[in-house]
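Please look at the sequence and the model first, and then read on.

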Amino acid sequence: MRKTLGYILSGAALVGLILSFDPITAKLGIKLPLGLTTTLLTIISVAALILGLILLMKEKSSRQSSEVPIYHGKEIVGYRKIKK
């Protein structure tokens with residue numbers, strides 16, 4: 001779920017960054033809402049991009065397997081689930 005949110009946030013931030021350039025918005029015929037300047041859109045997009053990349057890069061802290069082997073002498077006779 002975290003990676004999906006990171007991808008969505010990063011994608012929206014990239015679209016926002018693209019729309020912050022005046023020649024692109026003029027060519028596409030898009031007008032920004034009142035109160036939303038290109039500078040503000042750039043700042044919001046960069047912040048969202050950084051947050052999205054942090055969500056994408058963040059790994060789970062515990063990469064342990066959820067099962068441990070049960071030994072009988074030197075042989076593995078089964079596996080036991082561990083509680084997290």
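The sections below treat the model as a whole, then its helices, its strands and a few individual residues.

**The model and its confidence**

The structure is a predicted model, in which local features need pLDDT of at least 70, side-chain atom pairs count only at pLDDT 80 or more, and totals for chains, interfaces and linings use all residues. Residues are numbered from 1 along each chain as its sequence is written, and side-chain values use heavy atoms, with hydrogens and water left out.

The score pLDDT is the predictor's confidence in each residue, from 0 to 100. For this chain its mean is 87, and 90% of the residues reach 70 or more. Confidence is highest in helix α3 (residues 38–57), with a mean of 92, and lowest in helix α2 (residues 22–28), with a mean of 89. Where pLDDT is low, the predicted coordinates should not be read in detail.

**Overall form**

The secondary structure consists of three helices and two strands, arranged along the sequence as α-α-α-β-β. Here helices (H or I, at least four residues) and strands (E, at least two) are DSSP runs, numbered from the N terminus.

The C-alpha trace spans about 75 × 20 × 15 Å along its principal axes. The radius of gyration, taken over C-alpha atoms, is to be set against a globule rule of 2.2 Å times the number of residues to the power 0.38. A compact globule of 84 residues would have a value near 12 Å, but the chain has 24 Å.

Of the 84 residues, 18% count as buried. Buried means under 20% relative accessible area, exposed over 50%, and partly exposed in between, with a 1.4 Å probe and protein chains only. A contact means heavy atoms within 4.5 Å. Among contacts between residues at least 6 apart in sequence, 42% join residues at least 24 apart.

**Helices α1 and α3**

The expected span of a helix is 1.5 Å times one less than its number of residues. The 18 residues of α1 should span 26 Å at 1.5 Å a residue, and the end C-alpha atoms are 26 Å apart, which agrees. Helix α3 has 20 residues and reaches 28 Å from its first C-alpha to its last, close to the 28 Å expected.

In α1, the buried residues are G6, S10, A13, G16 and L17. They cover an arc of only 120° around the axis, so they lie on the same side of α1. The arc is that of the directions from the helix axis to the C-beta atoms. The face turned away from this buried side carries the exposed residues Y7, I8 and A12.

In α3, L41, S45, A48, L49, G52, L55 and L56 are buried. Seen down the axis of α3, they fall within an arc of 125° and therefore line one face of the helix. T39, I43 and M57 are exposed on the other side of α3.

How do these two helices relate to each other? The buried residues of α1 pack against α3, and what covers the buried residues of α3 includes α1 (2–19).

**Selected residues**

| Residue | Relative accessible area | Class |
|---|---|---|
| S45 | 4% | buried |
| T25 | 8% | buried |
| L56 | 15% | buried |
| V46 | 37% | partly exposed |

S45 belongs to helix α3. Not counting residues up to four places away in sequence, S45 touches A13, G16 and L17.

L56 is also found in helix α3. Leaving aside its neighbours within four places in sequence, L56 is in contact with K3, G6, Y7 and S10. L56 and L5 are 51 residues apart in sequence and 8.4 Å apart in space, C-alpha to C-alpha.

V46 is placed in helix α3. V46 and L14 are separated by 32 residues in sequence, and their C-alpha atoms are 8.3 Å apart in space.

T25 lies in helix α2. With residues up to four places away in sequence not counted, T25 touches L19 and I30.

**The strand pair**

Strand β1 (residues 67–72) and strand β2 (residues 75–81) pair in the antiparallel sense over six bridges. Two strands are said to pair if DSSP finds at least two bridges between them. The bridge partner of V68 is R80 in β2. The two strands, β1 and β2, form a hairpin with two residues between them, and G73 in the turn has a positive phi of about 75°.
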